[in-house]
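Subject: A structure to look through

Dear colleague,

Please find the structure below, with the sequence beside it, and keep both open while you read the notes that follow.

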Amino acid sequence: MPHRNYILTLSCEDRPGIVAAVSSHLFQSGANILESSQYDDPDENRFFMRITFAVAAEKGIAALETGLDALRQQYGMQVRLVPVDERPKVLILVSKFDHCLVDLLYRVRTGELDMDIAAIISNHPREAFDQFDLRDIPFHYLPVTAATKPAQEAEVARLFRETGAELAILARYMQVLSDELAESFAGRCINIHHSFLPGFKGAKPYHQAHERGVKLIGATAHYVTGDLDEGPIIEQDVERISHADTPDGLVAKGRDIERRVLSRAVALHLSGRVLLNGTRTVVFRD
């Protein structure tokens, strides 16, 4: 009998009986639990859970969803249920630096990232990316200035809605989103940026780091909020460097860290392994 696999994620105020209630409902609905992870946050008194399960395709999912809705109301849960085989649509926003875009394209084409790229948006013309095979991915050139920023962002929001995208990826998109757009993308927009100890902002951060003799560089992927580069963190990585590294060498190493951290963050999000917990995240790794 053919089965279909689903991912169930939920969060709510912590209280006894949640695991038993959810697992019992799945059992009674004919579902077979394949993987289960849970976390109790004692500081916030919040409970988080991620379950993958299989259910006979002929049974459908309607009755199971009805029972989940009852549990949602009983426990005040935030619940999300998606089929494992459903490829989410994403928008990729990119500026001049293209290394993260190229890496995402490669991982999609090799099957490492299970998503459909609904469109690429850039504040640079398509000709700037002619060296890459974008195939038939829709490309939208949306230049932006201080005067045109509201209209440009309105077009970004429209494309997000009309393409049915579930996630926006800022693949080194060097424009600061307005508070309004960031809020509309809450929990659905991932950004990547360098991470330095100490931090360096502004132009040429790797050159600034070289001047200060930094011994550790890294990158952080996070959900976008109105606070620049301070959203809930999904993934990070670092690499040691030395006095022998040149500014150009730091840039090259930084690109490599940025693209691998971004791809891991996107993969974690797509597989339902990231749950928002206020200004933090709960990440259930496989």
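Asp179 has its place in helix α5, which covers residues 179-184, and the model in which you will find that helix is a predicted one. On the surface, Asp179 gathers with Glu180, Glu183, Asp227, Asp229 and Glu230 in a patch of negative charge.

Next come the pairs of opposite charge. Side chains of opposite charge can pair when their charged atoms come close, and in this structure the count comes to 23 salt bridges. One of them joins the side chains of Arg135 and Asp133, with 3.3 Å from N to O. Arg135 is exposed, because its relative accessible area is 54%, over the 50% that the term requires, whereas Asp133, at 44%, counts as partly exposed.

Another salt bridge is formed by Asp237 and Arg264, whose closest N and O atoms are 3.3 Å apart. This pair links distant parts of the chain, since Asp237 lies in strand β11 (residues 233-240) and Arg264 in helix α7 (residues 247-270), 27 residues apart. Both partners count as partly exposed, with a relative accessibility of 22% for Asp237 and of 31% for Arg264. When you look at this pair, please look around it as well, for Asp237 and Arg264 belong to a network of salt bridges that also links Glu235, Glu239, Asp256, Arg259, Arg260 and Arg285.

A further salt bridge brings together the side chains of Asp245 and Lys253, at 2.9 Å from N to O.

A disulfide is a covalent bond between the sulfur atoms of two cysteines, and the structure holds 0 disulfides. Cys189, for example, is in no disulfide, and the nearest cysteine sulfur, which belongs to Cys100, is 13 Å away.

With kind regards

Technical notes
Residues numbered from 1 in each chain as written. Predicted model: local features only at pLDDT ≥ 70, side-chain atom pairs only at ≥ 80, totals over all residues. Heavy atoms only, no water. Patch = residues over 30% accessible without salt bridge, like charges linked within 9 Å, V, L, I, M, F, W, Y side chains within 5 Å. Areas by Shrake-Rupley, 256 points an atom, 1.4 Å probe, with all protein chains shown as cover. Salt bridge = Lys/Arg side-chain N within 4 Å of Asp/Glu carboxyl O. Lys, Arg positive; Asp, Glu negative; His and termini not counted. Charge placed at Lys NZ, Arg CZ, Asp CG, Glu CD. Helix = DSSP H or I, 4+ residues; strand = E, 2+ residues; numbered from the N terminus. Disulfide = S-S within 2.5 Å. Buried < 20%, exposed > 50% of the residue type's maximum accessible area, 1.4 Å probe, protein only.
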